[in-house]
Every structure is written in C-alpha cells, then in structure tokens.
Amino acid sequence: MADKRDYYEVLGVGRSASDDEIKKAFRQAAKKYHPDLHPGDAEAEAKFKEVNEAYEVLSDKEKKARYDQFGFAGVDPNYGAGGAGSPFGQDIDLGDIFSSFFGGFGGRGRSNPNAPRRGSDVEQMIYISFEEAAKGCKKTVKYDSVSTCKDCSGTGAEKGTTPKTCTACGGRGQVTINQRTPFGTVQTSRTCDACRGRGKIVEQPCHTCNGRGQVRRKKTVEVNIPAGINDEQVLNVSGHGNSGVNGGPNGDLHVFIGIRPHPVFERRGDDVWCELPITFSQAALGASVTVPTLDGKVSYDIHEGTQPGDIFKLKGKGVQHLGGRGRGDQYVKVIIEVPKNLSSKQKDLIRQLDSTTTDKNYQKRKTFKDRLKDLF
C-alpha cells in the first residue's frame with residue numbers, strides 16, 4: 001500500500017478542485033488510459049484502474065472528507081494496521097470524531113443508523129465506433145461495484161447468527177449525556193462507543209465481508225446505445241450502481257460514451273462531412289464517382305467544370321437524430337488533385353491543352369485580371 005499515489009495527483013487536480021473539475025479530470029484521464037484504446041497494455045490498464053479508484057473516492061462527499069482528513073486510512077479499511085472500518089483501531093470510529101465537532105451542544109444528531117440508505121452511483125466509460133454511434137448498438141459494460149454480501153445478506157454477521165441490538169444506545173447509534181455546567185445542565189449526544197454508531201453489535205463477523213455487509217465485485221450489464229448519441233454524452237442505467245444499506249435501493253450506473261475517430265468521416269451536429277479526391281479530367285469533363293456513406297457506397301455525377309472546394313449534399317445520409325425521427329445530411333467537399341511524376345508525353349499534352357485555352361475557360365482568373373485592371 002505504501003506505493004499508492006495521492007488521489008488528487010492521479011486525477012491531476014488540486015485539493016480545492018470543484019466537483020465539476022474532478023469529473024472533467026476523470027473523463028480526460030479515463031479516455032487517456034481506457035483499455036479499448038490500449039489493447040494488451042498492462043500499464044495503461046493499471047493506470048485506468050487507478051483513475052477509477054481515485055474518482056470513486058473524490059466524487060463521494062463523505063469519502064472525500066475522510067480522505068482529506070485521514071488519507072488512505074480513512075477510506076480503505078485494509079490500509080495500515082487499524083481495525084475494521086477505522087484507521088485508529090476497533091474502539092474509535094470516524095463518526096465519533098466528526099460527531100465531536102458537529103454533534104454536540106444542541107447540534108442535530110445523526111439519523112437512524114438502521115434506516116435504509118441508497119447506494120452511491122458508479123461511473124464507467126466505454127468506447128464505440130463512429131458507425132455504432134450513428135446507428136445505435138448494444139454493448140456489454142463491465143465495471144466494479146459494491147454489492148450486498150450474499151453470505152450474510154448485508155447484516156455483517158456470520159451465517160447462522162444475527163446482529164444484536166446495542167443495549168448501550170437502544171439501537172439508536174447515539175447516547176445522550178447530561179453535563180452540569182455553571183449555566184445549568186447541558187444535554188449533548190455522541191456516537192455510542194459500544195456499537196460505534198451502528199446501533200447493532202456483530203459478535204461473529206461474516207468471514208466473507210469481514211463484518212462490513214458489502215463486498216466489491218465485477219459486474220456486467222447490457223446497455224442499449226441509442227442511435228445519434230454523441231461523444232461524452234452519458235447514459236444512466238438505473239439501479240445498477242453500488243448496493244444500498246439496510247435494504248435501501250441501489251445507486252445508478254452512469255456510462256460515459258467515447259466515440260473513436262473515423263478515418264473518412266467527420267461529424268458536425270447530425271451531419272456527416274468527408275472529402276472526395278478527384279482527378280483534373282474528372283473535374284473538367286464531369287464524371288460518375290463513388291462516394292462512401294454510412295449506408296455503403298453510392299454513385300454521384302460530378303458536373304462538368306467542378307471547382308476545388310465545391311461541396312455537394314447527399315440528403316438524409318447523415319446521423320440519426322437522437323430521440324427523434326429523420327437523419328442529418330452528408331456533405332462532400334471536392335478535392336482536385338494535381339498529377340505528379342508526369343512523363344514527357346503527358347507534359348506535352350498538358351502544354352497543348354493550355355495553349356488552346358483562354359480566359360473564357362477560367363472564370364476566376366478572368367475575374368482576378370479584371371480586378372487588377374481596376375487597381376492599376
């Protein structure tokens with residue numbers, strides 16, 4: 001554990017970073033090291049796991065507060081020599097420390113420790129192809145999450161045993177103390193020492209989860225990617241996050257979408273753009289050319305006298321509108337390639353062509369000459 005890097009350093013943010021800054025840094029780092037972009041790269045996979053671990057802590061307000069005050073010992077019960085769930089041993093709980101600052105002298109006490117609590121959300125990034133984003137697809141998402149321990153059903157007690165209600169606090173997780181002061185008797189509340197705020201005592205901890213009631217497991221879920229989704233959009237998969245506590249509902253899974261660049265197409269909104277190289281003769285004389293689209297190859301008639309940079313549109317050949325009907329269009333920009341490595345005969349033929357043309361064959365050159373006359 002000694003070689004673990006600081007979570008803020010892993011994400012490349014300062015300790016005063018906002019939630020949005022932390023989320024943005026996570027997305028950038030997750031993209032950089034995502035296994036889909038580095039197949040077979042063990043180092044990138046390790047860094048990707050490191051990024052996810054850092055974000056899991058820094059995106060959770062309670063975990064972040066514990067990490068800021070106690071470091072890894074505040075969020076990892078296996079770090080150092082502390083007891084289960086506490087960096088200071090079995091007899092002191094983090095809740096006691098926070099309670100000493102916020103819970104005394106009339107401060108609001110903690111909520112019922114046995115009340116159902118919703119699980120936290122989980123975030124995972126996946127990459128899809130340009131075509132999959134345009135037309136939609138199904139993807140199997142693999143991710144780590146906290147699940148209720150099956151052996152103890154979340155109680156934390158060894159199978160065949162049950163937690164007992166704490167007699168010291170009556171299951172409330174807090175005890176009330178009356179203190180005499182020069183101003184009279186002051187009543188304060190603090191975390192129960194006997195159950196450490198849990199309201200129950202586990203005499204025989206579950207061997208699978210060490211009494212925590214939850215374990216970390218790998219999960220998979222099939223996600224429908226809608227047609228038209230764009231880069232960095234997020235899909236919410238309800239109920240597939242971390243398990244709740246005391247029968248509370250699960251959190252959600254947030255799937256961040258990354259789209260791999262396409263070698264030919266570029267997306268602008270729901271329109272698709274591409275460049276089409278053609279020859280000088282095709283541009284001058286016109287020709288039937290083959291154009292790539294998301295639906296396959298189509299034939300298009302280039303008109304006579306096509307100029308460099310001319311753009312033509314293929315209606316309805318773009319990306320599906322997200323959540324709606326219809327598609328964008330495809331725009332094709334013409335690139336006229338000047339031939340290289342000409343033979344002597346080819347050069348002579350071009351000279352013959354040039355000698356037979358005049359300004360009426362070159363509209364832009366004629367316009368340019370006219371403007372020069374006006375200037376000089």
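Tutor: The protein chain has nine helices and 15 strands; helices (H or I, at least four residues) and strands (E, at least two) are DSSP runs, numbered from the N terminus. This is a predicted model, in which local features need pLDDT of at least 70 and side-chain atom pairs pLDDT 80 or more, while totals for chains, interfaces and linings use all residues. Residues are numbered from 1 along each chain as its sequence is written, and side-chain values use heavy atoms, without hydrogens and water.

Student: How much of the protein chain is buried?

Tutor: Of its 376 residues, 33% are buried, meaning under 20% relative accessible area with a 1.4 Å probe, protein chains only. The protein chain exposes about 23000 Å², and carbon and sulfur atoms supply 50% of that area.

Student: Why is Gly 199 called buried?

Tutor: Its relative accessible area is 0%, and the cut-off is under 20%, so Gly 199 is buried. Gly 199 sits in the loop between strand 5 (184–191) and strand 6 (200–201).

Student: What does Gly 199 touch, beyond residues up to four places away in sequence?

Tutor: Pro 113, Asn 114, Lys 164, Thr 165, Cys 166, Cys 169, Gly 171 and Gly 173; a contact means heavy atoms within 4.5 Å. Gly 171 is 28 residues from Gly 199 in sequence, yet their C-alpha atoms are 3.8 Å apart.

Student: How do you know whether Tyr 7 is buried or exposed?

Tutor: Tyr 7 has 4% relative accessibility, which is under 20%, so Tyr 7 counts as buried. Tyr 7 belongs to helix 1 (residues 7–11). Leaving aside neighbours within four places in sequence, the contacts of Tyr 7 include Glu 53, Ala 54, Val 57 and Leu 58. The C-alpha atoms of Tyr 7 and Tyr 55 are 7.7 Å apart, although 48 residues separate the two along the chain.

Student: What angle do helix 2 and helix 3 make?

Tutor: Helix 2 (residues 19–33) and helix 3 (residues 42–58) pack at about 165°, and their axes are 9 Å apart. Since over 145 degrees counts as roughly antiparallel, helix 2 is roughly antiparallel to helix 3.

Student: Which residues of helix 2 and helix 3 meet?

Tutor: From helix 2, they are Ile 22, Lys 23, Phe 26, Ala 29, Ala 30 and Tyr 33; from helix 3, Ala 44, Lys 47, Phe 48, Val 51, Asn 52, Tyr 55 and Leu 58. By class, this contact of helix 2 with helix 3 has ten nonpolar, one polar and two charged residues.

Methods: Buried means under 20% relative accessible area, exposed over 50%, partly exposed in between (1.4 Å probe, protein chains only). Accessible areas come from the Shrake-Rupley method with a 1.4 Å probe; for residues, only the protein chains shown count as cover. Axes are lines fitted to C-alpha atoms, for helices over the stretch in contact, and angles run from 0 to 180 degrees between N-to-C directions. Angles under 35 degrees count as roughly parallel, over 145 as roughly antiparallel, 65 to 115 as roughly perpendicular and the rest as oblique. Ala, Val, Leu, Ile, Met, Phe, Trp, Tyr, Cys and Pro count as nonpolar, Asp, Glu, Lys and Arg as charged, and the others, Gly among them, as polar.
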